[in-house]
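Biologist: I am new to reading models like this one, and I would like a close look at its charged pairs. Could you start with one of them and then lead me onwards from there?

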Amino acid sequence: MDQGIRIEGLSKRYGEGDTAVEALKEVNMSIAPGEVVGLVGPSGSGKTTLLKCLGAVIEPTRGRMTLGGEVIYDSDAGGWKTRDLRALRRDRIGFIFQAPYLIPFLDVTDNVALLPMLAGRANGASRARALELLQALDVAHRARAQPSELSGGEQQRVSIARALANQPPVILADEPTAPLDSERALAVVRILNQMASQYQTAIIVVTHDEKIIPTFKRIYHIRDGKTVEEAGEGRDIS
Ligand code: ADP
Ligand code: MG
């Protein structure tokens, strides 16, 4: 599989010598376009480190990472394949966090349109793209509202629209349902699955939320920096 996400032999060591921490130990993962995969593990197991490496926020110690068919990092071939890591993060990766982190002084449309604008797309085309996503996520009726006027669930849907705005091949979600009740948590997972198949995005969801774990078809368990793949229940939530 060339598209989607591919991680090969990924290792990350923090620090040197006696105090070094081996946070990731030769991790292998692959997520196909259109697939939503869970990454589950206890606190300190390496989940955030893995997302930060994939998101080009920190540099791995060894290994290889491919996003959307392009090698972005290869320790055997000089490390990062691009010098502009900011553009890589902005254009090729969508991030969803536990909190929506919307910009309070921009309306809903511009919160979503901002990233395409920063990537150099015309304002009109960026806003049209934003509206299309807001429609897909069922919040288009709130397009002119300020973030503070939205419910928590609406804010999280807007943050999902924002993550999709530059049509990244990859979305990294860190505990996206932790603060939500069962119904809203499942709604978020349903949306992520719909968006993955509609836009052929590969999505990794870091979670220990028992409400959503049964929905994954495939799960990677991580413990002490090592991942083990397992079939999930793949419970139908459509
Ligand atoms: P998780 O997100 O699963 O809780 P992390 O990826 O944050 O785990 O951490 C994995 C391991 O790496 C832990 O032992 C943690 O203490 C260590 N660690 C994380 N960040 C740093 C850092 N900046 N410097 C040193 N050790 C770190
Ligand atoms: Mg963490």
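Which residue forms a salt bridge with Arg235, and how far apart are the closest N and O atoms?

Modeller: Happy to walk you through it. This is a predicted model, in which local features need pLDDT of at least 70 and side-chain atom pairs count only at pLDDT 80 or more, while totals for chains, interfaces and linings use all residues. Residues are numbered from 1 along each chain as its sequence is written, chains are lettered from A and ligands numbered from 1 in the order in which they are written, and side-chain values use heavy atoms, with hydrogens and water left out.

The partner of Arg235 is Glu233, with 3.2 Å between the closest N and O atoms. A salt bridge here means a side-chain nitrogen of Lys or Arg within 4 Å of a carboxyl oxygen of Asp or Glu. Glu233 is exposed, at 57% relative accessible area, whereas Arg235 is partly exposed, at 46%. Those words have cut-offs: buried is under 20% relative accessible area, exposed is over 50%, and partly exposed lies in between, using a 1.4 Å probe and protein chains only. Elsewhere, salt bridges with shared partners join Arg6, Glu8, Arg64 and Asp74 into one network.

The whole structure holds 16 salt bridges. One of them pairs Asp76 with Arg62, whose closest N and O atoms are 3.0 Å apart. This pair links distant parts of the chain, 14 residues apart: Asp76 sits in the loop between β5 (70-74) and β6 (79-80), and Arg62 in strand β4 (residues 62-67). Such names come from DSSP runs numbered from the N terminus, with helices (H or I) of at least four residues and strands (E) of at least two. Asp76 is exposed at 62% relative accessibility, while Arg62 is partly exposed at 44%. Another pair is Asp181 with Arg184, at 3.1 Å between the closest N and O atoms. Here Asp181 is partly exposed at 39%, and Arg184 is partly exposed at 44%.

Now for the ligand. Among the residues around ligand 1 are Tyr14, Val21, Lys47, Thr48 and Thr49; a residue joins this shell if one of its heavy atoms lies within 4 Å. An oxygen atom of ligand 1 is 2.5 Å from an N or O atom in the side chain of Thr49, and an oxygen atom of ligand 1 is 2.8 Å from one in the side chain of Thr48. The protein covers 57% of the 560 Å² of accessible area that ligand 1 has on its own, by the Shrake-Rupley method with a 1.4 Å probe. The elements β2 (21-31) and α1 (47-54) each give two or more residues to the shell, and α1 gives the most, with three.

Finally, look inside. The largest nonpolar core has 39 residues, and Val112, Leu134, Val158, Ile160 and Val205 have the most contacts inside it. Such a core is a set of buried Ala, Val, Leu, Ile, Met, Phe, Trp, Tyr and Cys residues joined through side-chain atoms within 4.5 Å. Among the elements that supply at least two residues of this core are α5 (152-164), β8 (170-174) and α6 (182-199), and α6 gives the most, with eight residues. In soluble globular proteins, nonpolar side chains tend to be buried together. In strand β8 you will also find Ala173, which is buried, at 0% relative accessible area. Ala173 and Ile204 are 31 residues apart in sequence, and their C-alpha atoms are 6.1 Å apart in space.

Terms used. A polar contact is a pair of N or O atoms within 3.5 Å; within protein, one must be able to donate a hydrogen and the other to accept it, and residues adjacent in sequence count only if both atoms are side-chain atoms.
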